[in-house]
Amino acid sequence: MTAALPRRTTRAPAALLVAASAVVALTACSTGTVATSDGEEDTTLTVFAAASLTEAFDEIAADFEADHPDVDVALSLAGSSSLVAQIQQGAPADVVATADRATMDALVADDLVGTPQTFATNTLEIAVPPGNPADVSALTDLTDPDLNVVVCAPEVPCGAATTAVVDRAGLTLQPVSEEQSVTDVLGKVTAGEADAGLVYVTDVARAGDRVEGVAFDESDAAVNTYPVATVDRAGQSPDQADLAQQFVDAVLSDDGQAVLADLGFAAP
Amino acid sequence: MTPTSERASAARAARDPAEVPAGLPRWAYAPAVVGGLFVVVPLIAMGTRVDWSNYGALVTSESARAALALSLQTAAASTLLCLVLGIPMALVLARGRFPGQGLLRSLVLVPLVLPPVVGGVALLSTFGRRGLLGESMEVLGLQIAFSTTAVVLAQSFVALPFLVVSLEGALRTAGERYDVVAASLGASPTTVLRRVTLPLVWPGLLSGTVLAFARALGEFGATITFAGSLQGVTRTLPLEVYLQRETDPDAAVALSLLLVAVAVVVIAATHRRGAGGAVR
C-alpha cells in the first residue's frame with residue numbers, strides 16, 4: 001500500500017500534463033492560428049455587435065464563414081455603449097455594429113472607424129400577453145388607467161424612444177412601472193403582470209408565442225437605426241482590413257438583409 | 001446571573017470568557033487585516049469617485065429624495081413584518097419538537113442562498129396576477145405586483161432568514177433552563193417568553209433585526225423582478241442607483257454613498273444600544 005502511493009502521485013501530474021497540452025492544442029485550433037494544409041494561416045475576424053443583433057449576426061457570421069473557409073468569425077456581443085468603451089480602450093475588433101447612431105458617432109469622433117453605414121432599423125411596438133386579454137389595438141388604448149402598462153425608463157434608449165412616440169401622439173401614459181431595459185418590460189408582459197408594454201418589433205419577434213405584437217402608426221416618431229463600420233486598429237493586416245470590409249458588405253447584401261428581415265428588423 | 005454568564009455556562013465553557021483573556025494567535029492578524037482592507041478599500045475608492053462639489057444637489061434631487069424615503073419606509077415595514085413572523089418561527093424551530101423540523105429549517109434558509117432575481121420569480125408565481133394566490137386576490141380587487149406592498153414582500157422574503165437564523169442561534173445557545181425554572185414557579189408560557197426567554201436573547205434578536213433591516217435596505221433583484229420600478233412607488237434607492245448609472249454615473253456614485261451612510265448609521269446606532277443592553 002505504502003509502495004503504491006508514491007507511484008500513483010507521480011503518475012497523476014503526468015496525466016494532467018497530457019490533458020493540459022491537449023486542451024492547449026484544441027484551443028489553438030479553435031482560434032485559427034494553426035497552419036492549414038496549404039501552409040496558409042486561418043484568419044480570425046473579430047466582430048463586435050450589439051446584444052439585440054445576437055441571432056442575426058450569428059446567422060450572418062455562419063454564412064460568411066461558409067463563403068470564406070479560411071476565415072473564423074469571432075462574435076463579441078454586448079450592449080452598444082460597452083462595445084464602444086471596449087474599442088476606445090483598444091479592444092481588437094475588426095467590425096463593429098451598434099444599436100444606435102449616438103454610440104457609433106462616439107467612435108467616429110475618435111477616428112477609430114471607417115464611414116458607418118445604416119443596415120437596419122427598428123421601431124417600437126405594443127407587446128401584449130397571448131390572446132390580448134385587455135384588447136389593446138392602438139397607442140391611445142394605453143392611456144386607460146385600469147390597464148397595467150409597463151415601459152422603459154426615460155433614462156434608457158428604449159425609454160427615450162417611448163417618450164418620443166407618446167409625445168408625437170399627444171398622449172400621457174401612466175405606467176405602473178418604468179423598467180431598466182427593454183427585456184425587463186418584455187418579461188413583465190410574458191409573465192402576464194402587465195397588460196401591455198412598449199418594446200421593439202424585434203423583441204416581439206424574438207419572444208415568439210409568449211407575446212403578441214400590436215403595431216401603431218405613431219411608432220414612426222422614433223426609428224432606431226443600426227450602423228455598421230470597419231474598425232481601424234493597430235496591428236491589423238491588410239488582409240483583415242479587406243475581410244472586415246467584406247463582412248460589412250455581407251451585412252448590407254440581399255442575403256444579410258433577408259436574415260435581418262426574418263428577425264423583425266426593417267430595411268434602412 | 002447575568003445573561004452573559006448564563007450564556008457562557010450554557011455553552012459549557014469552563015470559565016467565563018470575560019475573566020480569562022484567551023491568547024489570540026499572531027498569525028490571525030495578517031488575514032484579518034487583509035479581510036478588513038478588502039471590505040473598506042472599495043468603500044473608500046467609491047468615496048474618491050464622488051463629485052463632492054455637487055454632492056448636495058445630486059442626493060437631494062426629487063428622484064433621490066423619493067427613493068430614499070421609499071427605501072427607509074419599506075425597509076422599516078419589512079423589518080417589522082420579519083419580527084412579527086420571524087420571532088415565532090425562530091421559537092418554533094429552536095424550542096418546538098415536531099417531525100420534519102430539520103427539513104423546515106433548511107427550507108426557511110433557502111432565500112439566503114437563492115439569487116434574489118429567482119426570489120422575485122418565486123414571488124411572482126405566488127402573488128402575481130397569474131400566481132398561486134394572485135388569481136384569487138385579483139378577484140377580491142387586490143393587486144400586489146407594481147405596488148409598494150410588493151416591495152415590502154420582496155424585502156421581507158430575502159430578509160426573514162437573517163432574523164430567524166440569528167434568533168434561533170441565540171435561543172439554542174441560551175438553553176431552556178431558565179424557562180423551565182420560570183415555568184416551575186408558575187409562570188405561563190407567554191410570561192416565560194416575555195419575561196425570561198426574550199430578554200435572554202435580546203442581543204441576538206437585535207443583531208438579527210439589524211441584519212434584516214440592512215438586507216431589506218439593499219434589496220434589488222427580487223424588487224426589480226417582482227415589484228417593478230416607478231418613482232415614489234416601487235423605485236427604492238438601489239433601483240435608483242442602477243437607473244442613474246445609465247445616464248448620470250456621478251449621481252449613481254453619490255446615491256451609493258448615501259446608501260452606505262444610511263446603513264452605517266443604522267448599524268452603529270443599534271450596535272451601541274445592543275451592547276449596552278447585553279452588559280446591563
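I began with helix H4 of chain A, and noted that its buried residues pack against helix H3 (80-88), strand E3 (95-97) and strand E10 (224-230) of chain A. The model is a predicted one, which I keep in mind throughout these entries.

Next I looked up which residues of helix H4 (residues 101-109) of chain A are buried, and found A:Thr103, A:Met104 and A:Leu107. Because these residues cover an arc of only 95° around the axis, I place them on the same side of H4(A). Following the chain just past H4(A), I came to A:Asp111, for which I noted a positive phi of about 60°.

I then turned to chain B, where I listed 14 helices and zero strands, so that entry reads, from the N terminus on, α-α-α-α-α-α-α-α-α-α-α-α-α-α. For burial I wrote down that 35% of the 280 residues of chain B count as buried. I also looked at the contacts in chain B with a separation of 6 or more, and recorded that residues 24 or more positions apart account for 76% of them.

My last entry concerns the two chains together: I found 15 residues of chain B in contact with 16 residues of chain A. On the side of chain B that touches chain A, helix H13 (residues 237-247) of chain B supplies the largest share, with four residues.

Note on methods
Residues numbered from 1 in each chain as written. Chains lettered and ligands numbered in written order. Predicted model: local features only at pLDDT ≥ 70, side-chain atom pairs only at ≥ 80, totals over all residues. Contact = placed C-beta atoms within 7 Å. Helix = DSSP H or I, 4+ residues; strand = E, 2+ residues; numbered from the N terminus. Buried ≥ 20, exposed ≤ 12 C-beta atoms within 10 Å, placed from the backbone. Arc of directions from axis to C-beta.
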